[in-house]
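I opened my notebook to look up how side chains meet in this structure.

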Amino acid sequence: MHSASIWLSSLTLAAAGGWFAATMFAAPATSKEPRFPQLTMDQLDEKQRPLGEQIMKVSSVGIGGPYNPMIRSPVLGQRLFDLFYYLRWQTSVPTKLNEFAILIIGQQWRSQVEWFAHAPLAAKAGLSGDIIAELQANKRPSNMAEDEAAVYDFVTELTTTKKVSDETYARAKKVFNDQQIVDLTAVAGNYVMVAMMLAMAEETVPPGKEEPFKVGE
């Protein structure tokens, strides 16, 4: 199920949906100097280049977005790249629910790049537009299916209360096996880290694109 052809097909869908477009972002559209000027392959040193080459194999538009700060720490960057590979393309959690979990984190952090990149992917994977819109508006989505509600409650409770109640865990166990619960926890934690990296580096959406989260909303 995770053959090379499916991997490449998934990458094509991701590029169309905006994830790899998000990797080209360098700095906010302001006069402020970027914290991490966008690197090019020609600027990478011998420690960074192997990672850059791997990124370029799966990204049609380069080493921007979270990759831009990550590649400054190439050993960490490589470990994170490998983790991303699993959590995006080989995870046991169905794609629609995996993307839903990522959006929950993106909304909590009001991560412009994370939401911009993953909302189209979630929709492409079958997540309802109404659910996406309600989540973006910081509402508990209505009309969620049992598995969607399990993801929302599990991820939200874990990230906001720092624990998972017996009731919430029991509902998750009705729709997920042990591996899926572990993977769901990991994807939520991973995208907290990604949101932190993007926030620290002040990455934003491409020039001319509307930010998903407005000040005061």
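**Charged pairs**

I started at K214, which forms a salt bridge with E210, their closest N and O atoms being 3.0 Å apart. My note on the term: a salt bridge is a side-chain nitrogen of Lys or Arg within 4 Å of a carboxyl oxygen of Asp or Glu. Before going on, I wrote down that this is a predicted model, where local features need pLDDT of at least 70 and side-chain atom pairs count only at pLDDT 80 or more, while totals for chains, interfaces and linings use all residues. Residues are numbered from 1 along each chain as its sequence is written, and side-chain values use heavy atoms, with hydrogens and water left out.

Next I checked exposure (buried is under 20% relative accessible area, exposed over 50%, partly exposed in between, with a 1.4 Å probe and protein chains only). K214 is partly exposed at 28%, and E210 is exposed at 59%.

How many salt bridges does the structure hold? I noted eight. One of them joins the side chains of R35 and E202, at 3.3 Å from N to O. This pair links distant parts of the chain: R35 is in the loop between α2 (19–22) and α3, E202 is in the segment after α11, and they are 167 residues apart. For the helix names I noted that helices (H or I, at least four residues) and strands (E, at least two) are DSSP runs, numbered from the N terminus. R35 is partly exposed at 46%, and E202 is partly exposed at 21%. I also found K32, R35 and E202 linked in a network of salt bridges.

Then I looked at D153, which forms a salt bridge with R140, with 2.9 Å between the closest N and O atoms. D153 lies in helix α9 and R140 in the loop between α8 and α9, so the pair ties together parts 13 residues apart in sequence. Is D153 buried or exposed? D153 is buried, at 13% relative accessible area, whereas R140 is partly exposed at 45%.

**Rings**

I counted four aromatic pairs. The rule: rings of Phe, Tyr and Trp (its six-membered ring) pair if their centres lie within 6.5 Å; planes under 30 degrees apart are stacked, over 60 edge-to-face, and the rest tilted. F100 and Y152 are stacked, 6.5 Å centre to centre with 25° between the planes. F100 lies in helix α6 and Y152 in helix α9, so this pair ties together parts 52 residues apart in sequence. Both F100 and Y152 are buried.

W115 and F213 have ring centres 5.5 Å apart and planes at 70°, so I filed them as edge-to-face. W115 sits in helix α7 and F213 in the segment after α11, 98 residues apart. Both W115 and F213 are buried. Ring pairs also link Y67, F81 and F84 into a cluster.

**Core**

Last, I looked up the largest nonpolar core, which has 48 residues. Such a core is a set of buried Ala, Val, Leu, Ile, Met, Phe, Trp, Tyr and Cys residues joined through side-chain atoms within 4.5 Å. Those with the most contacts inside the core include F100, V151 and L184. Which helix gives the largest share? That is α11, with eight residues. I then listed what L184 touches (heavy atoms within 4.5 Å): V93, A101, V151, F154, V155 and F176, not counting residues up to four places away in sequence.
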